[in-house]
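Please read this report with the sequence and the model side by side, and look up each residue as it is named.

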Amino acid sequence: MPDYAEVVVAVLAAGQGRRFGSDKLMADLNGCPMGLHVAEMLSKMRFGWRLAVCGKGAALLQHFSDYGFATIENAAPEKGQSHSLHLAVQAVQATDATALLVVLADMPFVTERHIQKLLSAGEGIIASTSGGRPMPPTLFPREVWPQLLATTGDAGARDLLRHASLIHAPAFELRDIDVAADLRETREQ
């Protein structure tokens with residue numbers, strides 16, 4: 001189990017939101033931009049490093065800074081989630097962190113309790129699941145960071161997750177918002 005102080009948490013927030021139709025991370029969810037719900041939750045935890053990878057010039061950049069995150073601008077979000085992941089790994093390689101926790105900004109319902117379970121689950125890659133399929137948030141030990149740099153496209157680290165240990169959470173907690181209807185359904189629940 002890594003100590004929080006030895007972990008980098010990286011929020012990937014550079015998605016283009018094409019399916020949503022607008023900047024989904026700035027869409028209102030309970031009086032707060034959707035993309036900041038995870039930032040608020042994570043800012044209360046004592047990670048050694050916090051960073052957010054946002055689109056170049058994104059409205060969220062300043063907001064993440066306000067929550068204590070170092071920000072990285074992804075000037076090429078069209079290269080997919082892997083590019084954001086590469087930027088995060090490159091930014092933290094100079095640290096003495098033992099693990100990288102990757103969280104997606106479009107998953108606003110992830111809880112601190114679930115993050116704590118991931119961090120206390122043991123060794124190796126630790127991924128979340130709500131039904132058997134590995135997914136973010138995911139904890140990557142330092143020894144797999146070179147493999148993260150070899151990922152391509154929008155699949156992110158999906159191939160690496162095949163052998164991950166899985167930590168279950170309710171489906172609602174791991175729900176991501178991809179289209180406007182997802183956000184409407186969330187508001188109606």
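In this predicted model, Ser84 is found in helix α3, which spans residues 81–92. Ser84 counts as buried because its relative accessible area is 5%, a value under the 20% limit for buried residues. When residues up to four places away in sequence are left out, Ser84 touches Leu12, Ala14, Val53 and Asn74.

Another residue to look up is Leu149, whose place is in the loop between α5 (145–148) and β9. Leaving aside the neighbours within four places in sequence, Leu149 is in contact with His86, Val89, Gln90 and Gln93. With a relative accessible area of 28%, Leu149 is partly exposed.

Helix α4 covers residues 112–119, and its buried residues are His114, Ile115, Leu118 and Leu119. These residues lie on the same side of α4, because they cover an arc of only 140° around the axis. What covers the buried residues of α4 includes the strands β1 (7–13), β6 (99–104), β7 (126–129), β8 (135–141) and β9 (165–168), together with the helix α1 (37–43).

Two places in the backbone also deserve a careful look. Pro136 and Pro137 are joined by a cis peptide bond, with omega at about -10°, and Pro137 lies in strand β8. Asn30, although it is not a glycine, has a positive phi of about 60°. The place of Asn30 is in the loop between β2 (28–29) and β3 (32–33), and Asn30 is exposed, with a relative accessible area of 67%.

Next come the pairs of side chains. The structure holds 3 aromatic pairs. The rings of Tyr4 and Phe47 have centres 5.5 Å apart and planes at 10°, so this pair is stacked. Tyr4 lies in the segment before β1, whereas Phe47 lies in the loop between α1 and β4 (49–55), so the pair ties together parts that are 43 residues apart in sequence. Tyr4 counts as partly exposed at 21% relative accessibility, whereas Phe47, at 7%, counts as buried.

How many salt bridges does the structure hold? There is 1 salt bridge, in which the side chains of Arg162 and Asp159 meet at 2.7 Å, N to O. Both Arg162 and Asp159 are exposed. In general, side chains of opposite charge can pair when their charged atoms come close.

A disulfide is a covalent bond between the sulfur atoms of two cysteines. In this model the count comes to 0 disulfides.

| Residue | Relative accessible area | Class |
|---|---|---|
| Cys32 | 14% | buried |
| Cys54 | 0% | buried |
| Ser84 | 5% | buried |
| Leu149 | 28% | partly exposed |
| Asn30 | 67% | exposed |

Reading the rows with the limits in mind, Cys32 is buried because 14% is under 20%, and Asn30 is exposed because 67% is over 50%. Leu149, at 28%, falls in between and is therefore partly exposed.

Technical notes: Residues are numbered from 1 along each chain as its sequence is written. This is a predicted model: local features need pLDDT of at least 70, side-chain atom pairs count only at pLDDT 80 or more; totals for chains, interfaces and linings use all residues. Side-chain values use heavy atoms; hydrogens and water are left out. Buried means under 20% relative accessible area, exposed over 50%, partly exposed in between (1.4 Å probe, protein chains only). Helices (H or I, at least four residues) and strands (E, at least two) are DSSP runs, numbered from the N terminus. The arc is that of the directions from the helix axis to the C-beta atoms. Contact means heavy atoms within 4.5 Å. A disulfide is a pair of cysteine sulfur atoms within 2.5 Å. Rings of Phe, Tyr and Trp (its six-membered ring) pair if their centres lie within 6.5 Å; planes under 30 degrees apart count as stacked, over 60 as edge-to-face and the rest as tilted. A salt bridge is a side-chain nitrogen of Lys or Arg within 4 Å of a carboxyl oxygen of Asp or Glu.
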